[in-house]
Amino acid sequence: MMAFASKLLVFVAFSLAVHNTVALKQKTTRIQFYMHDIVGGPQPTAVRVAGRSNFTGQDSIAAMFGSISVMDNPLTATPSMNSTLVGRAQGIYAMSSQEKELSLLMTLTYAFTTGPYNGSTFSVVGRNPVMKEVREMPVVGGTGKFRLARGYCLARTYSMTQMEAVIGYNVTLLHY
């Protein structure tokens, strides 16, 4: 009788595992939006909160190494700042390269405030070599419609002036 009960328990556990796996069908979502990084003017959306004060060399990239900025950047549907606001990119980026290539370590959460993804987020943690034409960064999680998200985003600088950058994002998310 004990052997039968053990086999029945294993069968029930296996059946539940298969049922739960089938119920969690993975979805793929592709999103495009634009992030506005404003570091100057009366209302900056990215503010430097730490950095070097003891650098004496001539290399401007090395001088920025270690600088940390906190951001709350608007996300829009088109490159125009006046287009539909779809959310905010909130987090930290740090200047992580000491020579030759300007690179940031990005730790950001993209939070959607309107549209079909309202209330949902996804997070990116990774290296961003900002002077490359296309930068790929990993998506490491999400909430709401993007629960358990993974995937990647491709970032392209759309425009850059002295105190503002507009970055286009094409994001591919796998989620449940």
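A residue counts as buried when its relative accessible area is under 20%, as exposed when it is over 50%, and as partly exposed in between (1.4 Å probe, protein chains only). The model here is predicted, so local features need pLDDT of at least 70 and side-chain atom pairs pLDDT 80 or more, while totals for chains, interfaces and linings use all residues. Residues are numbered from 1 along each chain as its sequence is written, and side-chain values use heavy atoms, with hydrogens and water left out.

**Exercise 1. Decide whether Ser-103 is buried or exposed, and list its contacts.**

Step 1: Find Ser-103 in strand 5. Strands (E, at least two residues) and helices (H or I, at least four) are DSSP runs, numbered from the N terminus.

Step 2: Compare its value with the cut-offs. The relative accessibility of Ser-103 is 1%, so Ser-103 is buried.

Step 3: Look for contacts, meaning heavy atoms within 4.5 Å. Setting aside neighbours within four places in sequence, Ser-103 touches Ala-94, Met-95, Ser-96, Ser-97, Arg-127, Asn-128 and Pro-129.

**Exercise 2. Describe the chain as a whole: which elements does it hold, and in what order?**

Step 1: Count the elements. The chain has 2 helices and 9 strands.

Step 2: Read them from the N terminus: α-β-β-α-β-β-β-β-β-β-β.

Step 3: Of the 176 residues, 36% are buried. Among contacts with a separation of 6 or more, 49% join residues 24 or more positions apart.

**Exercise 3. Find the salt bridges and say which parts of the chain they tie together.**

Step 1: Apply the rule: a side-chain nitrogen of Lys or Arg lies within 4 Å of a carboxyl oxygen of Asp or Glu. Searching the whole structure gives 2 salt bridges.

Step 2: Take Arg-88 and Asp-72, whose closest N and O atoms are 3.0 Å apart. Because Arg-88 sits in strand 4 and Asp-72 in strand 3, the pair ties together parts 16 residues apart in sequence. Arg-88 is partly exposed at 24%, and Asp-72 is partly exposed at 31%.

Step 3: Take Arg-127 and Glu-101, with closest N and O atoms 2.3 Å apart. Arg-127 belongs to strand 6 (residues 121-129) and Glu-101 to the loop between strand 4 and strand 5, so this pair ties together parts 26 residues apart in sequence. Arg-127 is partly exposed, with a relative accessible area of 46%; for Glu-101, also partly exposed, the value is 26%.

**Exercise 4. Find the residues of the nonpolar patch and the strands that supply them.**

Step 1: Recall the rule: patch residues have over 30% relative accessible area and no salt bridge, and nonpolar side chains (Val, Leu, Ile, Met, Phe, Trp, Tyr) are joined within 5 Å, like charges within 9 Å.

Step 2: Name the members. Val-47, Val-49, Ile-68, Val-70 and Ile-92 form the patch, with about 370 Å² of accessible area together. Such areas come from the Shrake-Rupley method with a 1.4 Å probe; for residues, only the protein chains shown count as cover.

Step 3: Strand 2 (46-50) and strand 3 (68-76) each give at least two patch residues.

Step 4: Check one member. Val-47 is found in strand 2, and its relative accessible area of 40% makes Val-47 partly exposed.
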